[in-house]
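The following exercises are to be worked with the sequence and the coordinates at hand. Each task is followed by a solution in steps.

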Amino acid sequence: MSRLLLGAISGVVFGVVVVVTMIPLNFADRRTAFFAAFMSRFAIGVLIGAAIGSPQLVALRVPSWLVGATIGLLVSLPDAIVTKAYPPILIMGTIGGAAVGYVVQRFG
């Protein structure tokens with residue numbers, strides 16, 4: 001399986017997990033909040049799938065989990081700034097990104 005496809009699939013799984021954790025929370029517009037969270041996490045998966053194995057990162061010898069964690073943190077930062085819910089969004093994005101990075105490197 002290609003890394004990009006595995007990253008996209010991992011992003012879908014990551015997005016679903018995050019949305020499920022958000023179900024008990026209250027939002028003014030639940031549908032929009034869920035969709036935005038899902039798309040943010042899906043983007044993390046796709047970006048990691050595209051980045052892992054790139055010649056620049058291979059040359060730097062950066063571990064795949066660190067690439068994933070960095071992408072997860074950077075993509076999560078705008079959501080955290082807008083919502084002012086820094087810890088849950090940044091922690092979930094960073095840990096999830098690291099996990100996706102590991103999965104894409106190991107199985108892609």
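**Exercise 1. Overall architecture**

How many helices and how many strands does the protein have?

Solution. The model is a predicted one.

Step 1. The protein contains 5 helices and 0 strands. Along the sequence, the pattern is accordingly written α-α-α-α-α.

Step 2. The radius of gyration is 14 Å, close to the 13 Å that the globule rule gives for 108 residues, so the protein is as compact as a globular protein of that length.

Step 3. Taken along the principal axes, the box filled by the C-alpha atoms is roughly 45 × 25 × 15 Å.

**Exercise 2. Surface, burial and contacts**

Determine what share of the residues is buried and what share of the accessible surface belongs to carbon and sulfur atoms.

Solution. 

Step 1. Of the 108 residues in the protein, 36% are buried.

Step 2. The accessible surface is about 6400 Å², and 75% of this area belongs to carbon and sulfur atoms.

Step 3. For contacts between residues at least 6 apart in sequence, 67% join residues at least 24 apart.

**Exercise 3. Positions in helix H1**

Is serine 10 buried or exposed, and which residues does serine 10 contact beyond its neighbours within four places in sequence?

Solution. 

Step 1. Serine 10 lies in helix H1. Its relative accessible area is 11%; the cut-off for buried is under 20%, and serine 10 is therefore classed as buried.

Step 2. With neighbours within four places in sequence left aside, the contacts of serine 10 are Val100 and Val103.

Step 3. Valine 18 also belongs to helix H1, and its relative accessibility of 5% places it among the buried residues.

Step 4. With the same exclusion of neighbours within four places, valine 18 is in contact with Ala37, Arg41 and Met92. Methionine 92 is 74 residues from valine 18 along the chain, yet their C-alpha atoms are separated by 8.1 Å.

Step 5. Helix H1 covers residues 3-22 and includes valine 13. Valine 13 is part of a nonpolar surface patch with Met1, Leu5, Ile9 and Val17. Together these residues have about 470 Å² of accessible area.

**Exercise 4. Aromatic pairs**

How many aromatic pairs does the structure hold? Classify each by its ring geometry and describe the accessibility of the residues involved.

Solution. 

Step 1. The structure holds 2 aromatic pairs.

Step 2. The cut-off applied here is an angle over 60 degrees.

Step 3. Phenylalanine 27 is partly exposed, at 32% relative accessibility, whereas phenylalanine 34 is buried, at 18%.

Step 4. In the other pair, phenylalanine 38 and phenylalanine 42 have ring centres 6.3 Å apart and planes at 5 degrees, so this pair is stacked. Here the planes must be under 30 degrees apart.

Step 5. Phenylalanine 38 and phenylalanine 42 are about one helical turn apart, because 4 residues separate their positions in helix H2 (residues 30-51).

Step 6. Phenylalanine 38 has a relative accessible area of 22% and is partly exposed. Phenylalanine 42 is partly exposed at 26%.

Key
Residues numbered from 1 in each chain as written. Predicted model: local features only at pLDDT ≥ 70, side-chain atom pairs only at ≥ 80, totals over all residues. Heavy atoms only, no water. Patch = residues over 30% accessible without salt bridge, like charges linked within 9 Å, V, L, I, M, F, W, Y side chains within 5 Å. Areas by Shrake-Rupley, 256 points an atom, 1.4 Å probe, with all protein chains shown as cover. Salt bridge = Lys/Arg side-chain N within 4 Å of Asp/Glu carboxyl O. Helix = DSSP H or I, 4+ residues; strand = E, 2+ residues; numbered from the N terminus. Phe/Tyr/Trp six-rings, centres within 6.5 Å; stacked < 30°, edge-to-face > 60°. Buried < 20%, exposed > 50% of the residue type's maximum accessible area, 1.4 Å probe, protein only. Rg over C-alpha atoms; globule rule 2.2 N^0.38 Å. Contact = heavy atoms within 4.5 Å.
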